[in-house]
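User: I'd like to go through this one question by question. Shall we start with the overall picture and then get into the details?

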Amino acid sequence: MVYKERLNKRGFDEPRKIEAKTGVIKKADGSAYFRIGNTAAYAAVYGPRDLYPKFLQNPKEGILRCKYNMMPFSGRGERVRPGPSRRSREISLVTERALLPVLNLEDFPNAVVDVFIELPQTEAGSRCAGICAASMALADAGIPMKGMVSAVSVGRVDDKILVDLDYTEESYEGGPVADIPIAIVHETGQFSLLQMDGCITKDMLSKAFELGKKVCAKIYEAQKQAIKDRYKIGDDK
Amino acid sequence: MSELIAKERDVVIPGEIIAKGMDYLPGINASRQGENIIANRTGLVEINGRVIKIIPLSGRYMPKEKDRVIGKIIDINLGGWRLDINSAYTAMLSMKEATSDFITKGADLTQYFDIGDYVITRITQVTSQKLVDVSMKGPGLGKLKNGRILSIKPNKVPRVIGKQGSMVNLIKEKTNCKIVVGQNGLVWIQGSPKDELKAVETIRMIEEKAHIPGLTDKIKEFLETNKQ
């Protein structure tokens, strides 16, 4: 079996439908919603605020604390067991590291910026959606930043290179698959997240990266628009 | 050749290029990145001659020297009181700065301020590690009795105060309330219950419509039509 075309007639370099919004959680200092296809993520930012337990405090600069969580009903019918798991701990950690290069927290010694990412619905690419939402929420919260982070998954299914894999592609059984979530700092082009599941050749990998860069630029535009839309001066109601 | 990419009063996001070339200088919340001037926070562009700065549209209060803030007593130490000033950092009010009374060693400090009391203070010092010292010596500073505390977004504070206090004076006059606006986004209002509600409603309205030009006139109209 040869993988010729994607199930939902998407182009190989075409991401799923993107929807982005900011200011969705009123109580938070900053918040955002990011949806790509059937994967949706909410991010809420609180802080900079007091950090406890005290031993975590860093007197040189503020720290970032991320929490990634899939809601129990978010998967494909099987209930996700609530609470921390090995997987969510790992994703929380990589999210934190993906966002840190753009943050400028030296003005907040001993304080913390908390980012909570909740996913009400997931269908592959959840860590990327989480990072996109978190980046928007941080900008919305007025945290000093050097730029924005956009993330997407790239990879290969059989002999095709594609972006934004969905669940059917991730679990394709007719040939080799690679799922590579990447996060890119838009301003510098730096990669701040790079993980891989599967196998891929060196040649294919660099092609996949090129594709990923293009799609990340597209996602950046959506993020930018979403942040600006919140402050659009509308008609005086 | 320098060129401006964002216009004055445009909303920019972190990392967005505001201007290219060396003719412009970065101000508050902006920085130079090679040839370009980029924004470091989400906010409005303000160009003042050659200097470009960003007026933040969101964010928590950061303590600044000489700011008048409203704080809540959260703890009592040996030498004074610890205050929550609606920020990432707490402030310290020492005995010496709180009162001119002679306080004997080991005296009960709750007779001056107890936990949960609200006070108006002025920030005297902020260190690099964000240790904040406040004082209560000065006109208009002291303990708050009665009334209510309202929390607004710190970046809306200048709008609520208005030019030379025009907005807050207008509300004071029309609602017969005593109002103190702290730079940290806490507002104290005291008057008859009905007047207080009126003032709260007005301040909420200002917060919501902060971006509209000529807001003072609109608020004046609002307060006058709803007077009866």
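User: Among contacts in chain B between residues at least 6 apart in sequence, what share joins residues at least 24 apart?

Analyst: Contact here means heavy atoms within 4.5 Å. Take the chain B contacts between residues at least 6 apart in sequence: the share joining residues at least 24 apart is 54%.

User: What kind of model is this, and how are residues numbered?

Analyst: It's a predicted model: local features need pLDDT of at least 70, side-chain atom pairs count only at pLDDT 80 or more, totals for chains, interfaces and linings use all residues, and side-chain values use heavy atoms, with hydrogens and water left out. Chains are lettered from A and ligands numbered from 1 in the order in which they are written, and along each chain, as its sequence is written, residues are numbered from 1.

User: How many helices and strands does chain B have?

Analyst: Helices (H or I, at least four residues) and strands (E, at least two) are DSSP runs, numbered from the N terminus. The C-alpha atoms of chain B fill a box of roughly 70 × 50 × 25 Å along the principal axes. As for secondary structure, chain B comes to 5 helices and 17 strands.

User: And what percentage of the 228 residues in chain B is buried?

Analyst: Buried means under 20% relative accessible area, exposed over 50%, and partly exposed in between (1.4 Å probe, protein chains only). Out of 228 residues in chain B, the buried part is 46%.

User: Within what arc do the buried residues of α5(B) fall?

Analyst: In α5(B), residues 215-225, the buried ones are B:L215, B:I219, B:F222 and B:L223. An α-helix has 3.6 residues a turn, so residues three or four places apart point the same way. The arc is that of the directions from the helix axis to the C-beta atoms. The buried residues of α5(B) line one face of the helix because they fall within an arc of 95°.

User: Which exposed residues sit on the face of α5(B) turned away from its buried side?

Analyst: The buried residues of α5(B) pack against α2 (157-161), α3 (166-175) and α4 (193-208) of chain B. On the face turned away from that buried side, the exposed residues are B:D217, B:E221 and B:T225.

User: Which elements do the buried residues of α3(B) pack against?

Analyst: The buried set of α3(B) is B:M167, B:V168, B:L170, B:I171, B:K174 and B:T175. They cover an arc of only 155° around the axis, so they're on the same side of α3(B). Their packing partners in chain B are α2, β16 (178-181), α4 and α5.

User: What phi does B:N86 have?

Analyst: B:N86 lies in the loop between β10 (80-84) and β11 (90-94) of chain B. It's partly exposed, because its relative accessible area is 21%. B:N86 isn't a glycine, yet its phi is positive, at about 60°.

User: At what angle do the axes of α2(A) and α4(A) cross?

Analyst: Axes are lines fitted to C-alpha atoms, for helices over the stretch in contact, and angles run from 0 to 180 degrees between N-to-C directions. The axes of α2(A), residues 126-140, and α4(A), residues 202-230, come within 10 Å and cross at roughly 35°.

User: Which residues make that contact between α2(A) and α4(A)?

Analyst: α2(A) brings A:C132, A:S135, A:M136, A:A139 and A:D140. From α4(A) come A:I219, A:Q223, A:A226, A:I227 and A:R230.

User: Is A:D166 buried or exposed?

Analyst: A:D166 is in the loop between β7 (160-163) and α3 (167-170) of chain A. Leaving aside neighbours within four places in sequence, A:D166 is in contact with A:N8, A:R10, A:R16, A:E123 and A:A124. Because its relative accessible area is 7%, A:D166 counts as buried.

User: How far apart in space are A:S171 and A:V115?

Analyst: A:S171 lies in the loop between α3 and β8 (177-185) of chain A, and it counts as partly exposed because its relative accessibility is 36%. A:S171 and A:V115 are 56 residues apart in sequence, and their C-alpha to C-alpha distance is 30 Å.

User: What is omega for the cis peptide bond joining A:Y52 and A:P53?

Analyst: A:P53 is in the loop between β3 and β4 (63-70) of chain A. The bond from A:G47 to A:P48 is also cis, with omega near 5°, and A:P48 is found in strand β3 (39-50) of chain A. For A:Y52 and A:P53, omega is about 5°.
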